[in-house]
Amino acid sequence: MSGSAIRNFCIIAHIDHGKSTLADRILEETASISRRDMTDQVLDSMDLERERGITIKAKAVRLTYRSRSGKEYILNLIDTPGHVDFGYEVSRSLAACEGAVLVVDASQGIEAQTLANLYLAMENDLVIIPVINKIDLPNADPKEVSKELQDIIGFNPEEFIFTSAKTGQGVHEVLEAIINRIPSPQGNSDAPLKTLIFDSHFDSYKGVIAYTRVVDGCLNTGAQIKLMATGKVFEVSELGVFKPEMEETQSLSAGEVGYIAAGVKNVRDIRVGDTVTLAESPAENPLPGYRQVKPMVFCGLYPVEASGYENLRNALTRLQLNDASLVFEPEVSAALGFGFRCGFLGLLHMDIIQERLEREFDLSLITTAPSVVYQVKTIHGKRQEIDNPSKFPEVWEIQAVEEPVVRAAIITPADYIGPVMELCQGRRGEYKNMEYLNENRVKLTYDLPLSEILLDFFDKLKSRTRGYASLDYEYIGHLESDLVKLDILINGEPVDALSCMIHRDKAQERGRQLAEKLREIIPRQLFDVPIQAAIGAQIVARETVRAVRKNVLEKCYGGDVSRKRKLLEKQKEGKRRMKQLGNVEIPQEAFMAVLKVD
Amino acid sequence: MKRYIDAILLEARIQSENLKKQQMRMSSVYIGGGTPTCLPYNLLRTMLTGILESFPPDINTEITIESNPGTIDYKNLKYLRDSGVTRLSIGIQSLKDDLLLRLHRTHSVSDSLNAFSIARDVGFTNINVDLIYGIPDQTMKDWQETLDAVLKLAPEHISAYGLMIEEGTPLWSSVNSGLEIPCNEDLQTDMYYFTKDRLEAEGYRHYEISNFALPGYECRHNMVYWQLQPYIGLGAGAHSYINNVRRSNLLDPLIYSDSILNSGGAVQERERFSKADEMSTAVIMQLRTAQGVEEEEFKKRFGIAMYGVFSDAIEKGTARKLLEWNKGRLRLTRYGLMLSNEAMKEFL
């Protein structure tokens with residue numbers, strides 16, 4: 001297939017703006033999927049993706065399209081995740097494309113993450129096709145939305161395509177625009193091989209399957225390939241394209257998108273962002289890669305039963321095969337025993353990993369409150385990175401603590417500027433900028449400590465703006481801050497898994513809330529259980545779980561014997577699911593209490 | 001209703017034959033399940049006569065019948081007493097009219113007092129009254145007054161239960177919708193220990209978690225349950241325990257009757273206790289009683305030392321002051337009475 005008949009593109013859209021439906025329609029139009037195999041959201045193959053309506057992994061599919069002029073084209077659609085946690089995956093997808101279809105809901109307007117991804121696409125010199133979708137909705141205002149996009153980005157009015165992916169209206173126009181406006185890939189099939197790895201997954205039979213976009217040259221089955229970053233050499237055992245199922249081909253040449261299998265057992269040997277070349281006639285320089293992704297959020301994952309430790313390790317290892325951004329290492333907690341400290345891109349990522357561990361691997365887990373990575377300077381002049389509050393040096397050893405700060409962009413209807421600013425200020429936000437996208441919509445920019453938006457910031461933002469606001473953020477650096485470690489003592493004993501880092505001004509309030517929440521969560525024991533929050537040696541809050549006085553089945557006669565046994569068994573079972581800390585039994589959800597305070 | 005009584009009597013005849021085969025004797029009969037005295041007089045007669053025919057009593061047999069104050073009159077009580085019923089249980093529940101209303105009971109305080117005096121008039125010398133405390137809005141003073149009034153009646157036996165708000169009852173729905181606030185645990189516990197102290201001071205023995213009796217008037221029938229001795233339940237939903245097999249009858253009276261009359265049986269569930277189940281259940285049930293579990297007796301019954309089987313549970317219970325040893329008997333402490341589940345679950 002000559003390069004001139006190839007178009008590589010992605011779709012940029014906010015959650016719910018209709019990306020998956022549009023992709024489904026495009027797949028139908030190009031007959032890549034038979035009606036029989038058509039399920040909703042074909043590209044979102046994980047159950048979790050379909051349930052949550054999000055894309056987690058980047059994916060690719062190769063389509064054949066006969067244009068109105070009668071010429072046949074190959075279209076490679078590379079799916080992009082829409083959530084801020086997965087911004088890194090977006091940038092990988094973009095690098096494999098020449099164009100992007102921007103999908104905006106005709107009743108909603110552009111959202112913060114979409115805008116961020118759009119700027120990313122423009123930085124990558126992608127041709128943008130603006131599509132206003134859902135024009136069939138009664139409250140659609142395509143004109144207003146297109147005007148907003150003209151004002152922000154500078155599109156021309158005639159560039160817009162108006163669609164309803166639901167009814168199929170306008171889908172043909174989108175396909176025509178893809179072949180007419182997006183340039184064909186500009187690679188040279190005769191040059192030394194350069195092919196970019198933009199994603200991978202692990203297949204238990206074939207090993208690592210690397211998703212790749214060939215930039216220059218040509219690759220054949222059986223070739224010796226070299227990974228330019230690691231220098232490792234492998235023999236290609238299989239090449240192919242996604243239709244969307246994997247379909248084997250003999251070669252991939254400049255401009256094409258497909259997969260490489262080379263019997264690689266370790267996902268780390270084929271790093272996403274690396275360039276593949278031929279071992280015999282290598283290219284001189286690799287393609288520009290991606291910045292190494294760093295996990296931003298950490299938490300402890302512990303098996304409920306100590307015996308589940310090995311299973312948890314195996315499950316994490318399995319997930320990591322498909323998700324290089326997941327990191328973990330063993331840790332020991334006095335309260336929870338053996339577990340793992342795990343790093344994630346963000347809260348959604350953490351949530352998804354937890355859910356997959358529980359669902360796909362049938363594990364019961366205790367999760368500790370999420371933490372960011374702090375940089376601590378000690379009086380000895382040492383610098384340490386600390387991702388677990390319980391690992392903090394003693395107060396007197398600390399000279400300064402730096403915490404990660406993000407620049408957050410919030411798009412909100414102008415009516416809610418006040419509440420949004422109030423929220424940001426309350427989270428130690430520093431105002432940066434305010435920009436009217438049109439008369440009614442505003443983009444606010446704040447610098448915020450990552451820890452402040454980790455827990456419930458997004459929910460609060462949504463509720464203060466009646467669900468209209470959207471949020472995007474990027475890490476901008478670590479800044480010094482007056483942080484203290486808040487410890488929780490239960491029955492006089494500090495519980496390492498409940499410690500958290502917090503700004504000094506908020507410590508007392510948070511301590512009070514946590515103690516109160518824990519009092520609600522911890523069941524009454526046979527004795528009074530004091531719950532204290534402390535900064536160093538200073539107690540800042542105290543609550544007491546009063547001793548239980550009554551646990552008895554008062555009526556117990558001939559017909560009650562089975563009932564009695566069942567009741568006792570149930571109580572015993574409930575107890576088994578608790579963690580024993582000293583004499584106190586603590587339910588698992590206590591370790592997530594910090595997520596539940598308002 | 002007639003059909004249901006026929007079914008019960010048929011079941012009684014069948015079970016009586018089984019007993020004879022196993023050479024077992026009946027030591028007590030208990031006619032309960034709420035309000036058998038609400039039966040029309042002639043049916044009550046049919047039932048009692050039939051049951052006593054199948055299980056002929058002797059001089060020592062305890063025969064109890066439950067009753068509700070609103071369903072008692074001189075004629076039926078006289079009949080019951082004359083036919084050999086030795087013990088009457090009256091569901092007085094409370095001696096405050098507003099609290100009876102709260103419990104959705106249809107009888108009044110004067111019904112109760114009246115019933116009690118009729119019972120004495122016809123010659124009952126062994127009367128139990130059932131009481132409930134911890135009713136929404138009930139104060140400690142209310143409860144003390146009810147106890148005082150009950151003591152004036154001088155019943156031989158008193159069962160006092162903390163109110164359990166059970167799913168599906170009218171009270172449950174009012175509590176659920178916030179119309180009623182349930183009695184708090186602390187007050188209920190205080191009422192429990194007040195009852196214990198008050199009744200003991202009046203000469204009653206606190207012989208089981210919720211039961212008090214003047215010496216010699218402990219309910220022999222209920223002791224059978226708490227000793228995990230064999231018993232036979234007749235009627236819909238009734239439970240039996242015999243030869244280490246627990247079984248329960250079909251719950252619906254109509255279906256139960258059809259099944260008994262057509263096939264001679266109406267078992268819904270049957271469960272054979274393993275020896276381990278039997279041992280733990282015996283300990284759990286016996287711990288309910290003031291005498292507790294006697295080590296020697298346990299060894300005789302199961303051929304193994306109790307401590308050998310349950311050392312962890314016993315050590316944990318005694319360490320937590322829920323259990324104590326008293327002359328070779330393991331029993332609940334005063335503190336452990338209201339926390340007995342905490343101690344008992346360790347035996348499972």
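This is a predicted model: local features need pLDDT of at least 70, side-chain atom pairs count only at pLDDT 80 or more; totals for chains, interfaces and linings use all residues.
Side-chain values rest on heavy atoms, with hydrogens and water left out.

Between the chains, helix α13 (residues 561-576) of chain A and helix α11 (residues 275-287) of chain B have axes that come within 11 Å and cross at roughly 95°, the axes being lines fitted to C-alpha atoms over the stretch in contact, with angles running from 0 to 180 degrees between N-to-C directions. Helices are DSSP runs of H or I with at least four residues, and strands are E runs of at least two. In contact (heavy atoms within 4.5 Å), A:Val561, A:Lys564, A:Arg565 and A:Leu568 meet B:Asp277, B:Ser280, B:Thr281, B:Ile284 and B:Met285.

Over all chains, 65 salt bridges were found, each defined by a side-chain nitrogen of Lys or Arg within 4 Å of a carboxyl oxygen of Asp or Glu. Among them, A:Glu403 pairs with A:Arg428 at 2.7 Å, N to O, linking strand β23 (residues 398-413) to the loop between α9 (417-426) and β24 (430-436) of chain A across 25 residues. A:Glu403, at 2% relative accessibility, is buried (under 20% relative accessible area, with exposed over 50% and partly exposed in between; 1.4 Å probe, protein chains only). A network of salt bridges links A:Asp528, A:Arg546, A:Arg549, B:Asp186 and B:Asp190.

Notes. Residues are numbered from 1 along each chain as its sequence is written. Chains are lettered from A and ligands numbered from 1 in the order in which they are written.
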